[in-house]
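Me: I'd like to go through this model with you step by step. Could you keep the terms clear as we go?

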Amino acid sequence: MKNTVVTLQKQKHEHDKITMVTAYDYTTAKIMDESGVNTILVGDSLGMVMLGYEDTLSVTMEDMIHHVAAVTRGAKNAFVVADMPFMSYQTSVYDAVVNAGRLMKEGRANAVKLEGGVEFAPHIKAIAQASIPVVAHLGLTPQSVNAFGGFKVQGKDIEAAQKLIEDAKAVEEAGACMVVLECVPAKLAKKITEMLKVPTIGIGAGADCDGQVLVYQDLLAMYGDFRPKFVKVFANVGDAMREGMAAYIKETKEGTFPSAEHCFKIDDSVIEKLY
């Protein structure tokens, strides 16, 4: 059954946790979809884990559309959310609507996600009024990493916590259909989750959010040596891939691969007539 804004809202009301993972290509999206995950996020994290950038700031609209289109071709049931990259919506409300429309029309996304609270409520409202579902992203917003002075937990003091609550209320009122809370203290995330009518998706925000999201390379131990505090490794796919590649290299160099079972045959009489 196709996951939609309606089914995800129903999951919140029924206290049925929403599952979200990232994917950036057709093959991975197909595997994630077949596993039964509710939601796939095509995050601008693809800049780091797929394109090798140092951060997400260099990701373009063309990058996002290319990867979103691949994912939507592989995901038949999951609700696909596409990140709006840095400077695709900050410049104006008009740009926000146009670029959100491109992700829906060219990428075939089911929703778009943008970072920011009260300041971007007008952008969210305009996108939602264009009949495009919007997911808001609060807390640690990676596109603002330079303004934050690094990757830090957000909302730890009274002023910052109150600002997060105000942001959450503002984005919901503007029309956001979900809210991602990243690197927010668990008790604060719980309070926001109970306060909002729309689902919250946590990443480093505790177990009381309506759902969870992780970058799939992190949860499968495929990407780098650094592991954020909020990441749990559910399978060590990285090591399995390295072992498989090492075995392939060894057998190729030894000449044991390909063996007879991997080769095509030809009648010896044909070979004998060749000159």
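Me: Which residue meets K30 in a salt bridge?
Reply: The side chain of K30 meets that of E34, with 2.7 Å from N to O; a salt bridge here is a side-chain nitrogen of Lys or Arg within 4 Å of a carboxyl oxygen of Asp or Glu. This is a predicted model, in which local features need pLDDT of at least 70 and side-chain atom pairs count only at pLDDT 80 or more, while totals for chains, interfaces and linings use all residues. Residues are numbered from 1 along each chain as its sequence is written, and side-chain values use heavy atoms, with hydrogens and water left out.

Me: And how many residues apart are K30 and E34 in helix α2?
Reply: They are 4 residues apart, which means that about one helical turn separates K30 and E34. Helices (H or I, at least four residues) and strands (E, at least two) are DSSP runs numbered from the N terminus.

Me: Is E34 buried or exposed?
Reply: E34 is exposed, with a relative accessible area of 57%, while K30 counts as partly exposed at 33%. Buried means under 20% relative accessible area, exposed means over 50%, and partly exposed lies in between, using a 1.4 Å probe and protein chains only.

Me: What about K12, which residue does it form a salt bridge with?
Reply: K12 pairs with D210, and their closest N and O atoms are 2.7 Å apart. K12 lies in helix α1 (residues 5-13) and D210 in the loop between β7 and β8, so this pair ties together parts that are 198 residues apart in sequence. Both K12 and D210 are buried.

Me: How many salt bridges does a search of the whole structure find?
Reply: The search finds 11 salt bridges. One of the others joins R102 to E62, with the closest N and O atoms 3.3 Å apart. That pair links distant parts of the chain, since R102 is in helix α5 (residues 93-105) and E62 is in helix α4 (residues 61-74), 40 residues apart. Salt bridges that share partners also join E62, R102 and E106 into one network.

Me: Changing topic to the strands, which way do β1 and β8 pair?
Reply: Strand β8 (residues 211-214) and β1 pair in the parallel sense over 4 bridges, where two strands count as paired if DSSP finds at least two bridges between them. T19 has Q212 in β8 as its bridge partner.

Me: Why is β1 largely enclosed by the rest of the structure?
Reply: Because 4 of the 5 residues of β1 (residues 18-22) are buried. β1 is also joined by 3 bridges to strand β2 (residues 39-42), and these two run parallel. From β1 the chain crosses through helix α2 (residues 26-35) to β2 in a right-handed β-α-β crossover, meaning that, with the strands pointing away from the viewer, the path from the first strand over the helix to the second runs clockwise.

Me: How many residues of β6 are buried?
Reply: In strand β6 (residues 178-182), 5 of 5 residues are buried. M178, V180 and E182 point one way, whereas V179 and L181 point the other way. In a regular strand the side chains alternate between the two faces of the sheet.

Me: Last one, how far apart are the C-alpha centres of domain 1 and domain 2?
Reply: They lie 44 Å apart. Domain 1 covers 5-236 and domain 2 covers 240-272, with bounds that come from an automatic or database domain assignment.
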